[in-house]
Amino acid sequence: MRLIVFFDLPMVTKAEKRAYVQFRRFLLNDGYDMIQWSVYGRLLNGRDAEIKHLARLTNNLPPAGSVRCMTVTEKQFAGIKLLVGMPLFQEKKVQASQILLF
């Protein structure tokens, strides 16, 4: 499963810019990858991980703006069609034989 976070944060005042930077750093430090501007996603290992990361996300929300999240399965995520642009390095297709489990 994947947890996808969409956000639109104000960046007019210095405090709002600081809140944006702190929220973005939280996402990156918590294992999220940037899919595109203001859209970040991370892999989840089941419903327990979803609950844990939703709680972490809720505890680190900025004071203003709009933040939304959505959980999708790997099959649904793989069905995303890239209409314009090039896929990011993280989006390259990996065959099942190339996946290494720890």
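On one side of helix 2 (residues 47-59), Arg-47, Asp-48, Ile-51, Lys-52, Thr-58 and Asn-59 are exposed, where exposed stands for over 50% relative accessible area, buried for under 20%, and partly exposed for the range in between, with a 1.4 Å probe and protein chains only. Helices (H or I, at least four residues) and strands (E, at least two) are DSSP runs, numbered from the N terminus. The model is a predicted one, in which local features need pLDDT of at least 70 and side-chain atom pairs count only at pLDDT 80 or more, while totals for chains, interfaces and linings use all residues. Residues are numbered from 1 along each chain as its sequence is written, and side-chain values use heavy atoms, with hydrogens and water left out.

The buried residues of helix 2 are Ala-49, Glu-50, His-53 and Leu-57. They cover an arc of only 100° around the axis, which puts them on the same side of helix 2; the arc is that of the directions from the helix axis to the C-beta atoms. As background, an α-helix has 3.6 residues a turn, so residues three or four places apart point the same way. The buried residues of helix 2 pack against strand 1, helix 1 (14-29), strand 3 and strand 4 (66-72), contact being defined as heavy atoms within 4.5 Å. The length of helix 2 can be checked as well: at 1.5 Å a residue its 13 residues should span 18 Å, and the end C-alpha atoms are 18 Å apart, which agrees; the expected span is 1.5 Å times one less than the number of residues.

Within helix 2 lies Glu-50, which counts as buried because its relative accessibility is 12%. Its side chain is joined to that of Arg-47 by a polar contact of 2.7 Å, a term for a pair of N or O atoms within 3.5 Å where, within protein, one must be able to donate a hydrogen and the other to accept it, and where residues adjacent in sequence count only if both atoms are side-chain atoms. Leaving aside residues up to four places away in sequence, Glu-50 touches Met-1, Leu-44 and Thr-71.

Turning to the sheet, 4 strands form an open sheet in the order 2-3-1-4, with antiparallel pairing, two strands being paired if DSSP finds at least two bridges between them. Strand 2 and strand 4 are the edge strands, each pairing on one side only. Strand 1 (residues 2-8) and strand 3 pair over 5 bridges in the antiparallel sense, and Arg-2 stands opposite Leu-43 in strand 3. Strand 2 (residues 33-36) is joined to strand 3 by 3 bridges, with Gly-41 in strand 3 as the bridge partner of Asp-33. In the hairpin of these two strands, which has 2 residues between the strands, Ser-38 takes a positive phi near 60°. Strand 3 (residues 39-43) has 4 of its 5 residues buried, so it is largely enclosed by the rest of the structure.

On the other flank of strand 1, strand 1 and strand 4 pair in the antiparallel sense over 7 bridges, and the bridge partner of Leu-3 in strand 4 is Thr-71. Helix 1 packs on the sheet, touching strand 1, strand 3 and strand 4, and its direction makes about 170° with that of strand 1; axes are lines fitted to C-alpha atoms, for helices over the stretch in contact, and angles run from 0 to 180 degrees between N-to-C directions.

For the chain as a whole, the secondary structure comes to 3 helices and 4 strands, following the pattern β-α-β-β-α-β-α along the sequence.
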